[in-house]
Each structure stands twice: as C-alpha cells, then as structure tokens.
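Hi everyone, thanks for coming. I'd like to walk you through one model this morning, so please have a look at it while I talk.

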Amino acid sequence: MCGPLPASSDIRLLSGADIAQLASINDAYRFIDWTAEQLHESMQKSENFTGLKIVVANYIACYIVGWLWSDEYEIALIATAPGYARKGYGTKLIHSLRGYFPQITQIVLEVNARNEAAIEFYRKL
C-alpha cells in the first residue's frame with residue numbers, strides 16, 4: 001500500500017528538534033537500539049547523516065535515517081509510530097528519498113535476521 005498521504009500530512013527533512021519524538025517511536029520497539037543520544041550525536045557529527053519524516057497532524061508518524069554517500073543512501077533505520085504501521089508510510093518514505101536527494105542511484109541497508117517484519121517489508125519493495 002503506497003497511496004496518497006492523508007491531507008493533514010506531509011514529508012519533511014528531519015532536524016535535531018525531532019530527536020525526542022524519534023526516540024519515543026524507537027522505545028516502542030524492542031529491536032531498535034538507537035537511543036536519543038545516538039541519534040543526536042549522529043546528526044551532529046556527520047553531515048552525511050540525514051533523513052525524512054512523515055508528519056501527520058503535527059506528529060511524526062514514520063521516519064527514515066541514514067547516510068548519504070555521493071550517489072548512495074545507506075538506510076540506518078526506518079521506524080513507524082505505533083498506530084501508523086502498515087499504512088504505507090515506510091514505503092512512501094523510501095520512494096521519496098530520490099525526490100529529496102536526486103543524486104541517489106542506489107539504496108542499501110542491513111537488517112537484523114530476527115526482524116521478520118522488516119525483512120518482509122523490504123522484500124515487498
């Protein structure tokens with residue numbers, strides 16, 4: 001499912017001001033190891049670390065972060081807030097990467113072998 005977003009939503013670049021909401025989303029899942037401190041540090045230390053978010057009614061419903069290396073985007077994490085899962089938000093973000101970063105010719109990632117939901121998600125892309 002990758003249809004249009006609800007009228008009250010849009011896709012934006014992530015910023016340091018988003019850290020608390022991102023950490024809150026991460027805390028909802030046992031397999032996400034990224035803490036607020038790690039996200040903040042990555043954003044501060046690497047100009048290549050960047051990402052997108054889908055905002056629905058002033059709340060981050062889904063986000064993707066990773067490193068932009070020349071023409072390659074390496075996904076570090078994609079997470080959807082509880083209540084927004086399986087509505088196409090993650091797919092929409094991945095498809096939106098090239099719109100925000102047109103130099104991308106390849107998207108790569110690693111996924112934990114125990115994260116069956118993520119593996120199934122990426123297979124469908």
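Let me start with Ala-57, which is exposed, as its relative accessible area is 56%. By exposed I mean over 50% relative accessible area, by buried under 20%, and by partly exposed anything in between, with a 1.4 Å probe and protein chains only. A word on the source: this is a predicted model, where local features need pLDDT of at least 70, side-chain atom pairs count only at pLDDT 80 or more, and totals for chains, interfaces and linings use all residues. Residues are numbered from 1 along each chain as its sequence is written, and side-chain values use heavy atoms, with hydrogens and water left out.

Back to Ala-57: you'll find this residue in the loop between strand 2 and strand 3. Helices here are DSSP runs of H or I with at least four residues, strands are runs of E with at least two, and both are numbered from the N terminus. Ala-57 is not a glycine, yet its phi is positive, at about 50°. Ser-70, in the loop between strand 3 and strand 4, also is a residue other than glycine with a positive phi, near 55°. Ser-70 is exposed, at a relative accessible area of 60%.

Now to helix 1, residues 19–27. Which of its residues are buried? They are Ile-19, Leu-22, Ala-23, Ile-25 and Asn-26. Looking down the axis, these buried residues fall within an arc of 160°, so they line one face of helix 1. That arc is taken from the directions that run from the helix axis to the C-beta atoms. On the face turned away from the buried side, helix 1 carries the exposed residues Ala-20 and Asp-27. What do the buried residues of helix 1 pack against? Helix 2 (36–45), strand 3 (59–69) and strand 4 (72–80), with contact meaning heavy atoms within 4.5 Å.

So, on to the helix pair. Two packed helices are described by the angle between their axes and the distance between the axes. Helix 1 and helix 2 pack at about 135°, with axes 9 Å apart. Those axes are lines fitted to C-alpha atoms, for helices over the stretch in contact, and the angles run from 0 to 180 degrees between N-to-C directions. The two helices are therefore oblique to each other; under 35 degrees would count as roughly parallel, over 145 as roughly antiparallel, and 65 to 115 as roughly perpendicular, with the rest oblique. Helix 1 brings Ile-19, Leu-22, Ala-23 and Asn-26 to the contact, and helix 2 brings Ala-36, Leu-39, His-40 and Met-43.

Helix 2 has its own buried residues: Leu-39, Ser-42 and Met-43. They cover an arc of only 95° around the axis, which puts them on the same side of helix 2. They are covered by elements including helix 1, strand 2 (49–56) and strand 3. The face of helix 2 turned away from that buried side carries the exposed Glu-37, Gln-44 and Lys-45. Ser-42 counts as buried because its relative accessibility is 18%. Leaving out residues up to four places away in sequence, Ser-42 touches Trp-34 and Phe-49.

One last stop: Glu-74, in strand 4. Buried, exposed or partly exposed? At 28% relative accessibility, Glu-74 counts as partly exposed. Again leaving out residues up to four places away in sequence, Glu-74 touches Val-65, Gly-66, Trp-67, Trp-69 and Val-108.
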